[in-house]
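Trainee: Hi, could you walk me through this structure? I'm new to it.
Mentor: Happy to, let's open it up together.
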Amino acid sequence: MASRSTKEWFEMRDVTRTRLATGVWIPLYVSDETGEHRVSEPNHWSEYNGIRTFAVLRKDRMTAEAVDWSQAAQTQEPYVNGKKYYPVEMLLSTSEKPIGVHLALIQNFSGNLESEWTLNQDLIFALNLLREGDTWLSPQDGYTEVAQLRRNSAGKRTGLYIKPEYLKDYLAARKMALRIVQFRQRQATLRAIDTFGWLEKHFREERDGGSFVGSAWPVGGETVMVMQVGRTDNWSSDELPEMGPPSDSNIVSEHRTFNRPQHGLHAIEGEFRREEWLEAAVSSPRVRHDKVPSAVTFIVDGAGHRQSADQLNDEDIGKWLWFKPGVVPAILSYRGALIKWYTRFTAGILLSSSSCLVHFGLNSKGFVVTYASDVARLLEWERVIWAGFNVAPDGGLPDELKQAQVEGEAANTQAPEEFFGKALVALDAASNSRWGWPLLREHASTEDIVSSIHRYRALDESGFLALAKDIARLTADSIDSARLQTLVTLAKGEKLGSLKSLERGLGTLVSSEEARSAMTVLVGVYNLRLGDAHLPSEKLREAFGLAGISEEEPPLFRAAHLIHNVTAALFRIAKLIDPSK
């Protein structure tokens, strides 16, 4: 940015070149002031950026174009004229006719209370936005940030902004356009030698879709008159003084004049004003639910032929689609997404609160398969995510998906992921029943970690080992060793880890051989957790063996077996602790 003592700084070309209506974020309301301009002191400066907007019906466009900054920047408040009431959102003409609607509402308070800035409630409801702090999110769009309240470094509010995609959708539904009115000002007092040719006259220039005015004038040399007016009434003896009407007998006044000194200072000012339109979108798929042709296509056969989502959006389509398994964690990475386990190899996944559950299966080659219309009926942005993992058919339909969607009968199998969390609960319940305290220590992230225990994290070796580490966090790392060691006698200086402590605790209830056997899988998982720390290959093979899984299996299927084995082991240990559970 140019120095504040140069003509370039006052002209503001650095911030006026870009039209506001073409931005990535559209300002609905801006009041941003920096610096402090003291006219009588050199090198003091200030900068102000003000933007006001209002939505306008097509019939009112000509009237709206006559609205200047002074009218657009008026304080927002309800207005009552006789029996006619105008709500706070309404912008009125000088003849009290409605011109447009404010989409940013600013509530001012008396005293030192900071004003409150918010979006128009109709805009919030129409786009179904959720406010969290200084942002407005769209839950149905994967919690995308739609609008934001910006602040400066001191925490003071400076502007309300919204993404054009959502605003244009709303404007289209209401058959409106947005009028944007801007005023920018830069001021400074300088010991000016060069006043840029602006001294004692205004420099005017039409540019960047607006108008610029530059001004400069000397500071000091003016004649100032000071007047003092007072009353002469004497109320010193009155308990309840009452002041009567003023008259020549009880009013006294005096005045004096002086000349301000001249210090060779000049006040310099640049002002830029611009008005522009933001037009509505052609269609309104979010607010008005207009039907918009889908741009997403999917591979539907081995030859790589594609069909659009619109063509596939038919329950009688009779086609399935194949996807890389990475589509599952990609979807689950979105806030609010969830997975529902059905059978060992089928599940349902939901990406957003306004969407549909997609039933899918895992085939023998590790591909995720769905019925075509289940994906095709999703929202467009969700289709894009699925399309990014779409592949040509390979490995056929999963048997359990075929059984459910073709033969109409669910497979009699269970997904281990559905029971892993339940096994942890059963373990604690058994410990509480037998010993009076839970076996596992809780921590703040337990629930989040449990929800992340699923096979689709294991898309490769590193993903598998990361899964094993999280399972170990909820088992070996969470076991309350101190309480377990109160159940057994330790030799002098003997130290036991968490798994050994549980094995010894079980040994007080069953034979040591059975206790050791019950703990084998958990020991294997604990050793696997060290795998990403370059565990020697022979130790890694031993860990796989203890966990009851094969290194030869692809990571995805190996992960399912690991979760199954750990879940079975946890239920077995719970039964050993308290057979009644």
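Mentor: Let's begin with T346, whose side chain makes a polar contact with the side chain of T343 at 2.6 Å. A polar contact is a pair of N or O atoms within 3.5 Å; within protein, one must be able to donate a hydrogen and the other to accept it, and residues adjacent in sequence count only if both atoms are side-chain atoms. Keep in mind that this is a predicted model, where local features need pLDDT of at least 70, side-chain atom pairs count only at pLDDT 80 or more, and totals for chains, interfaces and linings use all residues. Residues are numbered from 1 along each chain as its sequence is written, and side-chain values use heavy atoms, with hydrogens and water left out.

Trainee: Is T346 buried or exposed?
Mentor: T346 counts as buried, at 4% relative accessibility. Buried means under 20% relative accessible area, exposed over 50%, and partly exposed in between (1.4 Å probe, protein chains only).

Trainee: And what does T346 touch?
Mentor: Not counting residues up to four places away in sequence, T346 touches W341, H359, F360, G361, E400 and L401. Contact here means heavy atoms within 4.5 Å.

Trainee: Let's switch to T53. Where is the place of T53?
Mentor: T53 sits in strand β2, residues 45-57. Strands (E, at least two residues) and helices (H or I, at least four) are DSSP runs, numbered from the N terminus. T53 is buried, with a relative accessible area of 3%.

Trainee: What lies 2.6 Å from a polar atom of the T53 side chain?
Mentor: That is the backbone oxygen of L28. L28 is also among the residues in contact with T53 once neighbours within four places in sequence are left aside, and the others are P27, H102, L178, R179 and I180.

Trainee: New topic: how many residues line the largest pocket?
Mentor: The lining has 25 residues, with P285, R286, D290, L379 and E380 nearest the centre. On a 1 Å grid over the protein atoms alone, a pocket is an open set of points where a 1.4 Å probe fits, with protein on both sides within 12 Å along at least five of seven lines; lining residues have an atom within 4 Å of a point.

Trainee: Which helix gives the largest share of that lining?
Mentor: That's α10, with three residues.

Trainee: Last one: is K539 buried or partly exposed?
Mentor: K539 counts as partly exposed, at 46% relative accessibility. K539 lies in helix α18, residues 537-547.
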